[in-house]
Amino acid sequence: MKTLFHLWQLITMAAGFRRYGALRALDNIQEVPDWAPRLLRCFTFFIPRRRKLPEADGERLALALADMGPAYIKLGQTLATRPDLVGRPIAEGLLTLQDSLPAFSFGKVKATIEEELGGQLADHYSEFAETPVAAASIAQVHKAVTTEGKKVAVKVLRPDVEKRFNRDLSLFNWLAHLAEKHSKEARRLRLKKVVAKVRETVNREMDLRLEAAACAELAENMASESNYRTPKMEWELTARRVMTQEWVDGIRLADKEALEKAGHDLPKLGNTVVQVFLKQALRDGFFHADLHQGNLIVQPDGSIVAVDFGIMGRLTKRERRFLAEILFGFIRRNYTRVAEVHFDAGYVPRTESVEEFAQAMRSIADPIMDLPIEEVSAGQLLAQLFATTERFKMQTQPQLLLLQRTMVMAEGMALHLNPQANMWNISEPVIEEWIRSNLSPEARLADVVNKLPNLLERIPSLVEKWLDEDEPTEEDEEETVEQPRPQKLWPFALGLITGATILKILTL
């Protein structure tokens, strides 16, 4: 029955593609078998196509996904980061995908708030606008005033959105499972993990308490940045399906004309967006991953306020180190080092040639880096980089999908504000500072020293654990032959001596 249900979902999806003339986009995706689009056309030949559709296949696909609902929108946004999977023209078309849906009724908004916060709506808000200021696939936002007189933005989840997502994501997972079962290429692209990443991201978005916590964490990390901040959360008016935060007045970064009239320095704003993103990703390993222009508001003093923290990205320190070295290697045109980092990170199998991979990196980067400054694109470089994945059997890194997408979005905003913006020139100071602070010999030694106290503190508990493990049991005591006691203490003693020696050397 489940298979029949998924087949019906598949036909419904194909009908949506047919309606927008998007089945043609499937013909241009190499991993889709030739027979699949033909079969889908047979099942949907009776569906009339809409008129006045865009010429680009990617834009048609974006319209179809937007019409089919929240899960399809999230899938399209993920595929926009994968030109290696869908092809560059399709990926560029999917960047036009708008995460917006018609608003749901105020009656449902009121019912959700009262169910989540308790009491009546008037117990929490003295004023509440019935018409939302924004309506996206997961939730919509209303302007309100608290009973204490604070202007706030109230975000409310769509009714039954969890059920719709789970239903649609089950189809995506089924298709990914079939693809990986029958296609070696699909296994290399790790389609099931891509779907799992979409599910993980969406599940976080559907608990607004997690979004509020993400906002608070980002605010703490960015406290030293005078030109960037996040709204203050109203925790007493926040629950799983309702979130209340400070209302932010200002000009959306998307409104370039209004920013110019207000006298803002547009190139500086573009530089700030890129450098703040890199600081979040490299320095903190926690970044705002939904950097479209509507989510950044410029205040009269020129500072940028970020909103909408449903999609956040995390990177381990190891991943941040690889990212910094790869970007810095491209900036310095040290392609051998770029290749070595890919191998060290495990992105490329050891069976491949480092020298040939370095040559491939040079063939990608040199033509781009030699272009005039206004034509050098980090997004184009990423697209070309993905194109080499099949040749060198590189597996998809799902944890980096959000980073890749956000980097392209940050560059797009910088170019929107300043067509002469160059991602590499803007990025270089931040990357160099991070490398000096984290990868120099002095920084690595300091990192070891910082970890030593924690190691020394753990030694007594580890020794105690060893003693407990070696404590003879009743069965052991009944044995007639006495077994020699294993000598396990020497590693701890050696660690203690080594730590003490390093500390002594550093204090000389």
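This is a predicted model: local features need pLDDT of at least 70, side-chain atom pairs count only at pLDDT 80 or more; totals for chains, interfaces and linings use all residues.
Now the setting for L253. L253 belongs to the largest nonpolar core, which has 116 residues. Three residues have the most contacts inside that core: F17, L253 and F277. Which helix gives the most to this core? That is α14, residues 266-284, with nine residues. As background, nonpolar side chains in soluble globular proteins tend to be buried together.

A quick overview of the whole protein. We have 508 residues, and 49% of them are buried. DSSP gives 23 helices and eleven strands. Take the contacts with a separation of 6 or more: 68% of them are between residues 24 or more positions apart.

Next, helix packing. Two packed helices are described by the angle between their axes and the distance between the axes. Take α1, residues 2-19, and α4, residues 57-68. They pack at about 135 degrees, with axes 8 Å apart. At that angle, α1 and α4 are therefore oblique to each other. Their crossing is right-handed.

Who meets whom? From α1 we have M13, G16, F17 and R19. From α4 we have L61, A64, L65, D67 and M68. By class, this contact has six nonpolar residues, one polar and two charged. Note F17 here: we already met it among the residues with the most contacts in the largest core.

α4 has another partner. Helix α5, residues 70-79, packs against α4 at about 145 degrees. The axes of α4 and α5 are 6 Å apart. On the α4 side, the residues are L65, A66 and M68. On the α5 side, they are Y72, I73 and G76. How many charged residues does the contact of α4 with α5 have? The count is five nonpolar, one polar and no charged. L65 and M68 of α4 meet residues in α1, and L65 and M68 also meet residues in α5.

Last stop: K193. Where is it found? K193 is in helix α11, residues 191-205. Its relative accessible area is 44%, so K193 is partly exposed. K193 and A176 are 17 residues apart in sequence. In space, C-alpha to C-alpha, K193 and A176 are 8.8 Å apart.

Technical notes:
Residues are numbered from 1 along each chain as its sequence is written. Side-chain values use heavy atoms; hydrogens and water are left out. A nonpolar core is a set of buried Ala, Val, Leu, Ile, Met, Phe, Trp, Tyr and Cys residues joined through side-chain atoms within 4.5 Å. Buried means under 20% relative accessible area, exposed over 50%, partly exposed in between (1.4 Å probe, protein chains only). Helices (H or I, at least four residues) and strands (E, at least two) are DSSP runs, numbered from the N terminus. Axes are lines fitted to C-alpha atoms, for helices over the stretch in contact, and angles run from 0 to 180 degrees between N-to-C directions. Angles under 35 degrees count as roughly parallel, over 145 as roughly antiparallel, 65 to 115 as roughly perpendicular and the rest as oblique. A crossing is left-handed if the near helix is turned anticlockwise from the far one by less than a right angle, and right-handed if clockwise. Contact means heavy atoms within 4.5 Å. Ala, Val, Leu, Ile, Met, Phe, Trp, Tyr, Cys and Pro count as nonpolar, Asp, Glu, Lys and Arg as charged, and the others, Gly among them, as polar.
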